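The sequence and the structure are shown first.

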Amino acid sequence: MTFGIILAYVALLLGIALFSTRRSKSSSGDYFLANRGIGSFMLLMSIFGTTMTAFALVGSTGRAFEKGIGVYGLMASWSGIIHSLCFFLIGAKVWRLGKKYGYVTQLAFFRDRYRSEGLVLLLFPLMVGFVLIYILMGVVGSGRVIEALTPETFAVSDARTSVVVEAPVTPRIPEALRDRVSFDEATRTLTWSGSLHPKRRGELMAMVKPPTPAWQKAVATVVAKAPRGAVPYAWGMGFISLVVLIYVFFGGMRATAWANTMQTIVFMVMGVIAFVVIKDAMGGAEAATKALLASKSAERASRAGDQVGKLQFLTYCFIPLSVGMFPHLFQHWLTARRASNFKLTVVAHPLFIAITWVPCILLGIWAAAVLPPTTDPNAVLGMMVSRYSGDVLAGLIGAGILAAIMSSMDSQFLCLGSLFTNDIVAQHGHRFGMGQLDDKSKVRMGRGFVVLMVLVAFVVGLTNPGGVFPIGVWCFTGFASLFPVVFAALYWRRSNKQGAIAATLTVGVLWLWFLDEALTGEFLIAGMMPVTFVIAASTIVLVVVTLLTPAPPQDVQDKFFDALGVRES
Amino acid sequence: MTQPPAKARRQRAAFLYMVIFALCVLHQDFWWWEEAEPLVFGFLPIGLAWQLGISLGATLAWLAMVCFAWPAQLDDFDASEARAAQGLGVHTDGQP
């Protein structure tokens, strides 16, 4: 049932996304930027959907399960302030430049502003690498979520599988489970046949009243050993990648914006529904919080102990600056019809973050009172949904989680296609004997790169790499540390290519230098987020190198400052 | 609509940037770092409720920013785009 609902949701999503392409024109401007015709509401929904991913739903719940309420302050409330600051200071201004000078990608802006192909060729691998890591979060998250939400989907094919355990107590087997469970008095063994949903733990436990420690141990062994019958990780991951590929391939940015609008509505509504259903199943919000306070995990309701450090809490403010450098978000900014379309995004973004994050944080801390502390944090949301809701709601909520994941992946895939096509092939293809790309060739080429990137993400995703959260944080660190480059490009007339290149090199080197530590788990330097040091280094290098080298040509200064009016008059 | 004078707009923007900076300072709520209670509405730990308040405060601060300190150049640019579109016989809402 759960998987059926997910399939139905995906079918609806594809229908809407592909329907939107009826309005599209077969030009590269439409494929990459939806003809710069997106209005306020769709801009808000597509930008919010793009910034919220598995990280916001699955990651936040799992992290709150591990680290308590401090996670909201770390990620969500900082983001509410800083993201809107970026949209206000960077997004709207970039949109105006893009509209005036015809930029399609972030790198096209940097090429023109800094008049440096070297900077573009340096930024390109960094951007592609960071975005691919970001995509992997979604790809890995989707495989894990589908696997966690679909136990017993393949119950029939598992029917021949049996688990036999020793059970010193004679259980009373209810009629409904006679076809699955048998007990042999002679050998005192319990046999379970077929796949087993973890929710059935309670049914098994109830066969012996009161359950003795020996019986509890036998049930735990059965639950651990029986096949789940879930959609395998690789299948779920491949399925979601394929769905995103289909609508990005055929519809480009227009389908992506429509799909994101629908998906943002779905994941926000489903998140609230999940919260309400689980809260009610737990006896109400007050009861759930009181149960937490009475449990061994009571400190999850505060920031006591070593859950979150004070310096870490402070220096996390640099991480949300990453949105200023996300190339996929940059592309979304360029799709706006008017500058005033940004107003709704700037205002509603912090509110939307609160609506999405607070329920997840509460579910995460409440889970700490009911799930074993050894539970995989990335599986917490799926397990809570599975444990406290019926199959229909589990399917709907699963669809919401996948909506959050897909609404980021689509923009990222499209962005990579745009970067390859517009900044590499169109600019450097002649060196490899390629002629000038016409408009249709650009669209074809963009689609080809989207397919290639989906394949790369799928193959890497098959290795099921590390925890989703540390990868994401490190990816954000890379983007955030490049923020001074875009800020200087827009607000510092004196900023030049030498300073930008030096800062970018600094970020690249430091990012690789700390990579090993970053992937081993929570990585702090003197209690602070490493981004603090990387962004400080990139800022210092940018300023010093800029001041030691010649100012940019006068025509660049005129084009980016005087011609647009730096000061209000 | 008459544009507010540039100087007044800059002053409003400066004030609102100070409000946003104040929110960043208030975000560091070390004073109830170790506390879970009181529970706001009976279920929200005080630290989480405070941070939720920061998010709502940010929404209001940004609302004030776009209402009272939206950059004049952006409004001017929208207006000039609209004029150019009308000159070409095209409405800016995208309809022919």
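How many residues has helix 1 of chain B, and what distance does the helix reach from its first C-alpha to its last?

## Basis of the report

The model is a predicted one, in which local features need pLDDT of at least 70 and side-chain atom pairs count only at pLDDT 80 or more, while totals for chains, interfaces and linings use all residues. Residues are numbered from 1 along each chain as its sequence is written, chains are lettered from A and ligands numbered from 1 in the order in which they are written, and side-chain values use heavy atoms, with hydrogens and water left out.

## Helix 1 of chain B

Helix 1 of chain B, residues 6–27, has 22 residues and reaches 31 Å from its first C-alpha to its last, close to the 32 Å expected at 1.5 Å a residue (the expected span being 1.5 Å times one less than the number of residues). Helices (H or I, at least four residues) and strands (E, at least two) are DSSP runs, numbered from the N terminus.

Buried residues of this helix (under 20% relative accessible area, against over 50% for exposed and in between for partly exposed, with a 1.4 Å probe and protein chains only) are B:Ala6, B:Arg9, B:Ala13, B:Leu16, B:Ile20, B:Leu23, B:Cys24 and B:His27. Seen down the axis of helix 1 of chain B, the buried residues fall within an arc of 100°, so they line one face of the helix; the arc is that of the directions from the helix axis to the C-beta atoms. An α-helix has 3.6 residues a turn, so residues three or four places apart point the same way. On the other side of helix 1 of chain B, the residues B:Lys7, B:Phe15, B:Met18 and B:Phe21 are exposed.

## A hairpin in chain A

Strand 2 (residues 181–184) and strand 3 (residues 189–193) of chain A pair in the antiparallel sense over four bridges, where pairing requires that DSSP finds at least two bridges between two strands. The two strands form a hairpin with four residues between them, and A:Arg188 in the turn has a positive phi of about 50°.

The bridge partner of A:Phe183 in strand 3 of chain A is A:Leu190.

## Salt bridges

Over all chains the structure holds twelve salt bridges, each defined as a side-chain nitrogen of Lys or Arg within 4 Å of a carboxyl oxygen of Asp or Glu. One of them joins A:Arg303 and B:Asp29 at 2.7 Å, N to O. A:Arg303 lies in the loop between helix 11 (285–293) and helix 12 (310–315) of chain A, and B:Asp29 in the loop between helix 1 and strand 1 (39–40) of chain B, so the pair joins two chains. Both A:Arg303 and B:Asp29 are buried.

A:Asp555 forms a salt bridge with A:Arg115, the closest N and O atoms being 2.9 Å apart. This pair links distant parts of the chain, with A:Asp555 in helix 23 (residues 554–562) and A:Arg115 in the loop between helix 6 (106–114) and helix 7 (117–149) of chain A, 440 residues apart. A:Arg115 also meets A:Asp112 in a salt bridge of 4.0 Å, N to O; A:Arg115 is partly exposed, at 36% relative accessible area, whereas A:Asp112, at 16%, counts as buried.
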